[in-house]
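Visitor: I have a model open and would like to learn how to read its features. Where shall we begin?

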Amino acid sequence: EVFQDEADAGSLEMQPLQKEGSLKQQQHQPQQGSDGLFHDRHGHPQQPGGLWSGLNDFLYPPNLPRSCQLLRKENIAVPLCYLLVGLLQGLSSPLINVFPIDLGATEAQQTTLSSIKSLPASFKLIFGFLSDNFSFFGYRRKPYMFAGWLLSSAAMMMLILFTNLDISSSDSGCFNGSGSGKGEDPPDDAPSIPLLALCFLLFGTGYWLADVMGDSIVAEKAKLEPAEHRGSIQSSCYSYRFFGLMAAAPLSTYMYTAFGPYSVILFMSLLPLVILPAICMLGEVPNVEIKSTPEQCREIWNTVSSRACWQPMGFVFLYNILQVSNGAWREFQKTVLGFTSCQLNLILIVAYVLLYLGILSYKYYFIKYSWRHVYISTSLLSGVFSVLQVLLIYGITFGLSPFLFALGDDVFTEFIGGIQFLPTTIMMVHLCPAGSEGASYAMFTTVNNAALNLATAISTHLLGIWDVSKEALEDGDLTGMVNLTYLTSAIQLSGILFVCLLPHTKDGLSELESKGKSDYGGFLFLTITFLSIGYSIFVGVLNIIAPGWMGES
């Protein structure tokens, strides 16, 4: 394309009999330059019509600066990073659910393996701080992202090279109906539980390190978006991530059942290598002046003490900590409704699809709506679906099978969660101070994730209020299930009471910033942040060194 004019000149020399008028008409046709735009013979940019123009505008939105056009080769590593995060989430979750069982792991060991992959997420703030303060070869993001994905690949490759993964699935009948419910004993050289835990710990460390780098780059690029299109970069990146999650979860389930764990782990070891060339082409500005650590800390303090930070982030923490689920719901589905593992996995897969559609719905439709209105309407709708669970407990399904009724109930809740996900992440990006995007964005997401972890812990403690044990469910005593469903639904709906803390739009953040700062608000925010990190590390370490401390067998 750069040499298009020369090519046209050559073709004219080979066609001496062409009419003069046709030659002038061809010379006046707009040509595409190296910048991806069309230009006339005077070099002025034009927007020609037709299919090519529409495709060009779709790939490289003209309303965004080049640095924000994610699909250009110098930026393609960013959406690929988000896509890879989703793919590896989708591949690893079904694997970690069934692989330890086929290795003969106890319930306590299963809990340990489930938590160990996410333990490095507690160190996201450290990852972000390191990349903000220490560069390699003049770059702050590329080397860390490269090293993260290389570590994840190497961790899975260890299992392939040094263990025997020729293990049959105990749930093969899920697809072909011939499963006996019990697989063969694992070979003597199969992965030991400690080795498997180590590999997944290294995998998670690399995975979360690369994820933090992707978030940091997006936080930097989001500041370059035109005001009327802010949020488009994040919504695009998270749509790639949840598409990967949606596509990989059923693929992983099928691959494990049909071909065993070797195929899934091999795929997980090779996928991170695909992105490495794109990371090398990433257009990061080298040798950027790095602010001193004390200066960065002062900027972060000024940010968190601003009302534009601690007030909306207070809403994020309070709302998420109130999203307490019914901890006995899965047991009810298995014991009372008789759902098989295949049906439960199918609910999970369809839920991922609806989660992705929820992300797209916000990106293309709800992005211009008030954040408050989005949260109020989706919370009320979520309350309706929670009440539908009571109908299912009583067996009122309006002629539908219990599975289809439960499927619709569970997956539409995920659709609502997808709509709610993007407003707060867009808000977090615009709170990040320049130069400290890695640490600040990691800090904000840590608060968000810690609140969800606390909500899970609360849901576990609520199980002791009424008798919702497996024995009670088997005896047909569903009173506790009904009461617990009403209680958790009311707690979830109470999050609306705090929506007044959330600004209506991105412009509302500026209005809050003009209302001054509060050292008390900043101190409270940081206290909650570091206590949440400490809690996550405490639980994660205990799951490793003292399996079963929460009462598992």
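Guide: A cavity is a set of grid points where a 1.4 Å probe fits but cannot get out. A volume is the space filled by probe spheres set on the points. Keep in mind that this is a predicted model. Here the second largest cavity has a volume of about 30 Å³.

Visitor: How many cavities of 30 Å³ or more does a search of the whole structure find?

Guide: The search finds 2.

Visitor: Which residues line the second largest cavity?

Guide: The lining is made by Pro94, Ala249, Thr253, Asn345, Leu348 and Ile349. By class, that is 4 nonpolar, 2 polar and no charged residues. Helix 10 and helix 16 (341–364) each give at least two lining residues. Helix 16 has the largest share, with 3 residues.

Visitor: What of open space? How much lies in the second largest pocket?

Guide: A pocket, unlike a cavity, is an open set of points. The second largest pocket holds about 900 Å³ of space. Its lining counts 35 residues. Nearest its centre lie Ser232, Ser235, Ser236, Lys363 and Tyr364.

Visitor: Which helices supply at least two residues each to that pocket lining?

Guide: They are helix 3 (51–59), helix 10, helix 16 and helix 22 (506–513). The largest share, 7 residues, comes from helix 10. By class, the pocket lining has 19 nonpolar, 9 polar and 7 charged residues.

Visitor: Step back to the whole chain. How many helices and strands are there?

Guide: The protein has 23 helices and 3 strands. Of its 553 residues, 48% count as buried. Then look at contact range. Among contacts with a separation of 6 or more, 81% join residues 24 or more positions apart.

Visitor: Which residues of helix 11 are buried?

Guide: The buried set is Pro261, Ser263, Val264, Ile265, Met268, Ser269, Leu271 and Pro272. Next, find their partners. These buried residues pack against helix 4 (77–102), helix 7 (142–162), helix 9 (193–222), helix 10 (232–259) and helix 12 (276–280).

Visitor: Now charges. How many salt bridges are there?

Guide: Look for a side-chain nitrogen of Lys or Arg within 4 Å of a carboxyl oxygen of Asp or Glu. The count comes to 7. One of them pairs Arg66 with Glu74, at 2.8 Å from N to O. Arg66 is partly exposed, at 36% relative accessible area.

Visitor: Is the Lys124 to Asp211 pair buried or exposed?

Guide: Buried means under 20% relative accessible area. Lys124 counts as buried, at 3%. Asp211 is buried too, with a relative accessible area of 3%. Their side chains meet in a salt bridge, 3.9 Å from N to O. Lys124 lies in helix 6 (residues 124–133) and Asp211 in helix 9, so the bridge ties together parts that are 87 residues apart in sequence.

Visitor: What about Arg140 and Glu220?

Guide: Their side chains also meet in a salt bridge, at 3.1 Å from N to O. Arg140 sits in the loop between helix 6 and helix 7, and Glu220 in helix 9, so this pair links parts 80 residues apart in sequence. Arg140 counts as buried, at 11% relative accessibility. Glu220 is partly exposed, at 24%. Then check for shared partners. Salt bridges join Asp132, Arg140, Arg141 and Glu220 into one network.

Visitor: Finally, a single residue. Where is Val350, and which residues does Val350 touch?

Guide: Val350 is in helix 16. Val350 is partly exposed, with a relative accessible area of 24%. Leaving out residues up to four places away in sequence, Val350 touches Leu407 and Val411. Also check a C-alpha pair. Val350 and Phe412 are 62 residues apart along the chain, and their C-alpha atoms are separated by 9.4 Å.

Note on methods:
Residues numbered from 1 in each chain as written. Predicted model: local features only at pLDDT ≥ 70, side-chain atom pairs only at ≥ 80, totals over all residues. Heavy atoms only, no water. Buried < 20%, exposed > 50% of the residue type's maximum accessible area, 1.4 Å probe, protein only. Helix = DSSP H or I, 4+ residues; strand = E, 2+ residues; numbered from the N terminus. Contact = heavy atoms within 4.5 Å. 1 Å grid on protein atoms, 1.4 Å probe; cavity = no way out; pocket = protein on both sides within 12 Å on 5 of 7 lines; lining within 4 Å. Nonpolar A, V, L, I, M, F, W, Y, C, P; charged D, E, K, R; others polar.
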